[in-house]
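Visitor: I am new to reading protein models. Could you walk me through one, feature by feature?

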Amino acid sequence: MKKKVHLLLLLLPFLGITGLVLVSVWNVAVQSLGYIPAFGLTKPTLRYYAAVFTNPDFLSSVLVSLRIAWWSAVFACILGVALSMALIKCRKARGATLYAIRLPILVPHAVVAVFVIQILSQTGLVARVAHMLGLLEDYTAFP
């Protein structure tokens with residue numbers, strides 16, 4: 001029983017971050033439908049999506065982004081396979097080779113660090129909650 005409680009305590013940070021991500025995704029989804037009471041928009045609508053998806057400039061930029069994503073994925077896959085083969089053939093993990101092996105392990109930590117910085121920044125979730133609780137004043141209102 002004690003191990004189950006210990007396991008639950010170890011999972012709490014992960015569950016907390018997952019909860020924050022899900023709340024953020026829900027907030028973005030609701031706001032994307034036009035429900036933003038702070039701006040007086042209280043009726044959900046798909047009008048904004050229709051305006052964006054019928055804009056030819058947006059569609060062309062999406063195609064450019066998809067092309068860039070496709071080619072970067074292809075090059076990353078080819079380079080990753082070649083690097084993996086070279087590391088297997090080398091069979092030594094010292095110096096730069098060791099760092100090349102550790103790089104994929106470090107990337108998720110960097111993503112979490114950026115996520116935490118976003119949450120704690122002035123435009124992040126903590127600042128919004130503090131503003132809603134009245135702990136921060138409204139500095140966007142011009143005198």
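Guide: Start with pockets. A pocket is an open set of grid points where a 1.4 Å probe fits, with protein on both sides within 12 Å along at least five of seven lines. Keep in mind that this model is predicted.

Visitor: Why roll a probe at all?

Guide: Rolling a probe the size of a water molecule over the atoms shows where empty space is left.

Visitor: How much space lies in the second largest pocket?

Guide: About 220 Å³. The lining of this second largest pocket has 12 residues, and Ser24, Asn27, Gln118, Leu125 and Arg128 are the closest to its centre.

Visitor: Which helix gives the most to that lining?

Guide: Helix 1 does, with 5 residues. Helix 1, helix 4 (96–120) and helix 5 (125–132) each supply at least two lining residues.

Visitor: Now the whole chain. How many helices and strands are there?

Guide: The chain has 5 helices and 0 strands. Read from the N terminus, the elements run α-α-α-α-α.

Visitor: How do I read burial?

Guide: Look at relative accessible area. Under 20% is buried, over 50% is exposed, and in between is partly exposed. In this chain of 143 residues, buried ones make up 3%. The accessible surface comes to about 12,600 Å², and carbon and sulfur atoms hold 75% of that.

Visitor: Is leucine 9 buried or exposed?

Guide: Leucine 9 has a relative accessible area of 52%, so this residue is exposed. Leucine 9 sits in helix 1, which covers residues 2–32. Leu9 also belongs to a nonpolar surface patch, together with Met1, Val5, Leu7, Leu8, Leu11, Leu12, Phe14 and Leu15. Together these patch residues have about 940 Å² of accessible area.

Visitor: What about valine 23, and where is it?

Guide: Valine 23 is also placed in helix 1. Its relative accessible area is 46%, so valine 23 is partly exposed.

Conventions. Residues are numbered from 1 along each chain as its sequence is written. This is a predicted model: local features need pLDDT of at least 70, side-chain atom pairs count only at pLDDT 80 or more; totals for chains, interfaces and linings use all residues. Side-chain values use heavy atoms; hydrogens and water are left out. Patches are made of residues with over 30% relative accessible area and no salt bridge: like charges are joined within 9 Å, nonpolar side chains (Val, Leu, Ile, Met, Phe, Trp, Tyr) within 5 Å. Accessible areas come from the Shrake-Rupley method with a 1.4 Å probe; for residues, only the protein chains shown count as cover. A salt bridge is a side-chain nitrogen of Lys or Arg within 4 Å of a carboxyl oxygen of Asp or Glu. Helices (H or I, at least four residues) and strands (E, at least two) are DSSP runs, numbered from the N terminus. Buried means under 20% relative accessible area, exposed over 50%, partly exposed in between (1.4 Å probe, protein chains only). On a 1 Å grid over the protein atoms alone, a cavity is a set of points where a 1.4 Å probe fits but cannot get out, and a pocket is an open set with protein on both sides within 12 Å along at least five of seven lines; lining residues have an atom within 4 Å of a point. Grid points are joined across faces, edges and corners, and a volume is the space filled by probe spheres set on the points.
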